[in-house]
Amino acid sequence: MGRMKFICDAERCIECNGCVTACKNEHEVPWGVNRRRVVTINDGVIGQEKSMSVACMHCSDAPCMAVCPVDCFYRTDEGVVLHDKDVCIGCGYCSYACPFGAPQFPANGTFGLRGKMDKCTFCAGGPEENGSQAEFEKYGRNRLSEGKLPACAEQCSTKALLAGDGDVIADIFRTRVVRRGNGSEVWGWGTAYGQPPHPDAKAPEAEKKS
Amino acid sequence: MIRIAAVFLSVLFLVACGEKAQTASSSQPDAKAWEGTANVHTAKGYTPGQKAAWENQLRARAQTQNEYLKVN
């Protein structure tokens, strides 16, 4: 088994937020915490509006692990980055270090106290016993130990969000790109290689001032 | 005799200068995902507790995301 990874196909994501809802429902994530969210760029620009589902990317060289002063992070054999809430002190360093904004902090309490960090677990729970109530209450469901993949990806209606062994989902994604036959017109190509944007793309009409 | 006593006492006093390791205890060792779970939600069609079976299960499950394998 290689490393567990997420890939989001921006050509397919329709910003339905089903992944966000599935995650919150599966893990009973508290109000104000979103382990996963959908980011839309070029919102309203015809032909250029693209959405992407973002959560913890379970980095191979995770900056959150590097900066944590209490070393609460660990990596499983499958490359999933998890953390121990019993060790976390809620300092927020991981939040500053993460390029994806994955670490979340519940802000409940009288003065909006910053609680222990919460983030996507790739549906792999935490250090508690697999599938136990204690694990569920702190980290949510442990679907990996049930032989399942993350709920967000498995329920994605357009299969934009892929999750699983990096080699397997990279093959799936590669097949799509080959079948599409897209080349320089594919979205994001211009950003990466300096080509002009999509020829059909046009900016929205300016709002009329009354 | 006095020399031995002096060495002994100096060692005794210098012990106080020692420092305990301040490294934060790392996370508890987590159970492996392939070891499975006892709850009723375990996916059917594979044997929990066998690493190879678990890996095959996840590979097969990942392919359900590949619509090019679908017949419809």
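**Salt bridges and an interface: worked exercises**

A:Arg174 and A:Asp171 are three residues apart, about one turn of the helix, and both belong to helix 6 (residues 166–180) of chain A. Helices here are DSSP runs of H or I with at least four residues, strands are runs of E with at least two, and both are numbered from the N terminus.

The model is predicted: local features need pLDDT of at least 70 and side-chain atom pairs count only at pLDDT 80 or more, while totals for chains, interfaces and linings use all residues. Residues are numbered from 1 along each chain as its sequence is written, chains are lettered from A and ligands numbered from 1 in the order in which they are written, and side-chain values use heavy atoms, without hydrogens and water.

**Exercise 1.** State how A:Arg174 and A:Asp171 interact, and whether each is buried or exposed, or in between.

*Solution.*
Step 1. The two residues form a salt bridge, with 2.4 Å between the closest N and O atoms. The term requires a side-chain nitrogen of Lys or Arg within 4 Å of a carboxyl oxygen of Asp or Glu.
Step 2. A:Arg174 has 48% relative accessibility, so A:Arg174 counts as partly exposed. A:Asp171, at 41%, is also partly exposed. The cut-offs are under 20% relative accessible area for buried and over 50% for exposed, with partly exposed in between (1.4 Å probe, protein chains only).
Step 3. Elsewhere, salt bridges with shared partners join A:Glu26, A:Arg141, A:Arg143, A:Glu146, A:Lys148, A:Glu154 and B:Arg61 into one network.

**Exercise 2.** Find what A:Lys85 and A:Asp118 tie together.

*Solution.*
Step 1. Their side chains meet in a salt bridge of 2.7 Å, N to O.
Step 2. A:Lys85 lies in the loop between strand 5 (81–83) and helix 3 (93–97) of chain A, and A:Asp118 in the loop between helix 3 and helix 4 (133–139), so the pair ties together parts that are 33 residues apart in sequence.
Step 3. A:Lys85 and A:Asp118 are both buried.
Step 4. A:Asp118 also has a polar contact, side chain to side chain, with A:Arg35 (2.6 Å). Such a contact is a pair of N or O atoms within 3.5 Å; within protein, one must be able to donate a hydrogen and the other to accept it, and residues adjacent in sequence count only if both atoms are side-chain atoms.
Step 5. A:Arg35 sits in the loop between helix 1 (18–27) and strand 2 (37–41) of chain A and is buried, at 3% relative accessibility. A polar atom of its side chain lies 3.4 Å from the backbone oxygen of A:Lys119.

**Exercise 3.** Describe how chain A and chain B touch.

*Solution.*
Step 1. Chain A has 40 residues in contact with 30 residues of chain B, contact being heavy atoms within 4.5 Å.
Step 2. Between the chains there are four salt bridges; B:Lys32 forms a salt bridge with A:Asp77 at 3.0 Å. There are also 14 residue pairs in polar contact (both at pLDDT 80 or more).
Step 3. On the side of chain A that touches chain B, strand 4 (73–75), helix 5 (151–154), strand 6 (161–165) and helix 6 of chain A each give two or more residues. Helix 6 of chain A gives the largest share, six residues.
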